[in-house]
Amino acid sequence: MKDTNKHKGLRNQLVKIIEEKGIVDKNVLKAISNVPRHLFMDSGFAHFAYQDKPFPIAANQTISQPYTVAFQTELLHVKPNYKILEIGTGSGYQTAILIEMGAKVFTIERQNELFKKTKLFLPKIGYNPKKIIFGDGYKGLPEFAPFDGIVVTAGAPFVPSPLLAQLKIGGRLVIPVGEETQTMTLFIRTGAKDFEKHELGKFRFVPLLKKKN
Ligand code: SAH
């Protein structure tokens with residue numbers, strides 16, 4: 001598993017593309033330029049890793065498009081030591097971006113194959129989430145709540161209320177909501193029972209599914 005100067009050069013080009021698409025947060029761009037995305041992909045696709053596209057990973061899932069990862073991460077307003085909950089660990093790429101930014105990351109995956117693979121892989125390349133959990137993201141992680149931010153990386157048919165309940169006051173939930181296509185939605189908790197809601201454009205994700213029994 002190598003990261004070469006060629007890969008770094010390709011990442012800098014990817015950062016430019018993402019900047020041109022409107023991402024301004026320097027810390028997000030720096031994280032994209034640091035995380036070796038090619039290592040998160042199956043070898044058959046690794047040479048496409050610095051194209052701004054999603055690609056297949058195990059269990060019929062996808063590694064999100066870098067622009068989408070950057071867009072969601074920017075909305076989270078991550079600061080060092082923030083507690084962030086990620087729903088949908090997948091390849092671990094989004095997890096690594098959050099760790100690069102200094103967050104303490106708790107991440108949940110419902111596909112056992114991906115869960116096991118990514119749990120072994122991330123520490124090997126130096127990324128250590130606080131917790132990687134095999135479970136149902138619809139429930140969040142009440143035992144570790146409240147969170148400064150929650151990011152859902154699969155398309156949710158509705159907003160799971162446990163996720164809103166597990167935000168700190170001032171915390172942010174970034175969730176793509178919808179069935180065929182999704183509207184990126186940001187909730188900011190402004191009080192015990194109060195949330196601001198912002199809708200931020202259309203995206204396409206794999207579906208957020210119920211836990212397998
Ligand atoms: N963040 C990932 C994106 C993977 S795609 C990455 O950067 O690679 C979305 C992931 O959400 C898939 O791995 C899928 O298995 C997972 N997922 C779907 N429904 C889920 C649920 N209810 N709970 C947890 N994870 C779920």
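Residues are numbered from 1 along each chain as its sequence is written. Because the model is predicted, local features need pLDDT of at least 70 and side-chain atom pairs count only at pLDDT 80 or more, whereas totals for chains, interfaces and linings use all residues, and side-chain values use heavy atoms, with hydrogens and water left out.

## The ligand and its shell

The ligand is surrounded by 27 residues, of which G88, S91, E109, G137 and L209 are the closest; a residue is counted here if one of its heavy atoms lies within 4 Å of the ligand. By class this shell holds eleven nonpolar, twelve polar and four charged residues, where Ala, Val, Leu, Ile, Met, Phe, Trp, Tyr, Cys and Pro count as nonpolar, Asp, Glu, Lys and Arg as charged, and the others, Gly among them, as polar.

| Residue | Protein atom | Ligand atom | Distance |
|---|---|---|---|
| E86 | polar side-chain atom | nitrogen | 3.1 Å |
| Q94 | polar backbone atom | oxygen | 3.4 Å |
| G137 | backbone N or O atom | nitrogen | 2.8 Å |

Taken alone, the ligand exposes 570 Å², and the protein buries 99% of that area, as computed by the Shrake-Rupley method with a 1.4 Å probe.

## The pockets

The space taken by the ligand is the largest pocket, a pocket being an open set of points, on a 1 Å grid over the protein atoms alone, where a 1.4 Å probe fits and protein lies on both sides within 12 Å along at least five of seven lines; a molecule sits in it if more than half of its atoms lie within 2 Å of its grid points.

## Backbone features

Most residues other than glycine have a negative phi, and most peptide bonds are trans. A145 and P146, however, are joined by a cis peptide bond with omega of about 5 degrees, and H77, although not a glycine, has a positive phi of about 50 degrees.

How values were computed: A polar contact is a pair of N or O atoms within 3.5 Å; within protein, one must be able to donate a hydrogen and the other to accept it, and residues adjacent in sequence count only if both atoms are side-chain atoms. On a 1 Å grid over the protein atoms alone, a cavity is a set of points where a 1.4 Å probe fits but cannot get out, and a pocket is an open set with protein on both sides within 12 Å along at least five of seven lines; lining residues have an atom within 4 Å of a point.
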